[in-house]
Amino acid sequence: FVRVLFIFLLVIFPLGQIGRVELGGGVNILLNDVIVFLTVVCWLAIRIKHKTFHRNILTKPILIFAAVALFSLLLRIGSLSPPQLFVSSLYFVRWISYAGLYFVVCDFDKVVKQRIPHWLVGSSMVLVAVGFVQYFLYPNIRNLYYAGWDDHLYRMVSSFLDPNFFGGILVLAFLSATSLLFSAKPTKQQQYLLFCMMIASFISLLLSYSRGSFFSFIVGACVLLLLMRKKKLFFLIASLFAIGLILLPKDLASEGVELLRTASIKARAESVQRALVIFKDHPLFGAGFNSYRYAQEAKGVSTSNVWGDIHSAAGTDNSFLFVFQVVYF
């Protein structure tokens, strides 16, 4: 049953933000979140019933981080209202659920583990197909700005409505397909599908215009192909990527397609400054796990009067600063 839930999770993963339900008060839930939670709970129930728990290399780090995160949140009980504490605690539950997937997968048998990369690539293929439909039929998502989404234009965002998150998934999809193609001894039909996935994810990545994803792609491809001793293939992919950047349309009426744009850099710099302000006020145990949005409001450094409706209000663009201001110790 746990295996069925896990496979179902991969099936609905391409829904992205389409499966998002806003409950109000800053509480949003994805269908993916529900399935992940059920999967981990069912797995945990089985482990408790059989009284067997297998230690893994990440068990200790995950438990330590979870304990510190919970402790940092509990320290803010006096400064957060009950609704704020409830909203903040929901992300802790979500983090635990997704971290629990690691233990679920570790308990799968060898056959299932070998199939997971293929399932992931298949799920990504659906996401890429949705991306092409969005790019050609719905290239302007600026009308979703009122709902808290960035006003992207002529960029592939797929069902995640964000080119950076989508680009990160594309990078992983391309690397997974490449690894399976050259190391998993696929059949001819599988070779054809994997090659098509490489091409589709490559084109989609370019159309996302996500510079962070571009950097991740080059670094990831370099590491993977060098480890696989495919140096010539890396130089071929790097050359095609450079040509793709040159051929990308850049005369569209959208700043997002300008690779030398500075607006996003300025926004990230401001995000870092806000995080540093909060960090100075809470240098020991942070502002509390997932209560960063409330710390911004209390400090008066929020960027909008409707900060509660902005989906990025709960975090900062710099992951290191996010951890520092949340659970630094």
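Colleague: Which element gives the most to the nonpolar patch?

Modeller: Helix H2 does, with 5 residues. The model is predicted, so local features need pLDDT of at least 70 and side-chain atom pairs pLDDT 80 or more, while totals for chains, interfaces and linings use all residues. Residues are numbered from 1 along each chain as its sequence is written, and side-chain values use heavy atoms, without hydrogens and water.

Colleague: What makes this a nonpolar patch, and which residues form the patch?

Modeller: Patch residues have over 30% relative accessible area and no salt bridge; nonpolar side chains (Val, Leu, Ile, Met, Phe, Trp, Tyr) are joined within 5 Å, like charges within 9 Å. A salt bridge would be a side-chain nitrogen of Lys or Arg within 4 Å of a carboxyl oxygen of Asp or Glu. Here the surface patch is formed by Leu 15, Ile 18, Val 21, Leu 23, Ile 29, Leu 31, Val 34, Phe 37, Leu 38, Val 41 and Val 93. Together they have about 870 Å² of accessible area (Shrake-Rupley method, 1.4 Å probe, only the protein chains shown counting as cover for residues). Strand S1 (20–24) and helix H2 (31–50) are the elements that give two or more residues.

Colleague: Why is Val 93 called partly exposed?

Modeller: Buried means under 20% relative accessible area, exposed means over 50%, and partly exposed is in between (1.4 Å probe, protein chains only). Val 93 has 38% relative accessibility, so Val 93 counts as partly exposed. Val 93 is found in helix H4 (residues 82–106).

Colleague: Where does Leu 240 lie, and why is Leu 240 called partly exposed?

Modeller: Leu 240 is in helix H9 (residues 231–247). Its relative accessible area is 43%, and therefore Leu 240 is partly exposed.

Colleague: How many disulfides does a search of the whole structure find?

Modeller: The search finds 0, a disulfide being a pair of cysteine sulfur atoms within 2.5 Å. Cys 106 is partly exposed because its relative accessible area is 22%. Cys 222, at 24% relative accessibility, also counts as partly exposed.

Colleague: How many helices and strands are in the protein chain?

Modeller: There are 12 helices and 2 strands (DSSP runs numbered from the N terminus: H or I of at least four residues, E of at least two). Along the sequence the pattern is α-β-β-α-α-α-α-α-α-α-α-α-α-α.

Colleague: What share of the protein chain is buried?

Modeller: Of the 329 residues, 40% are buried. The accessible surface of the chain is about 18600 Å², with 68% belonging to carbon and sulfur atoms.
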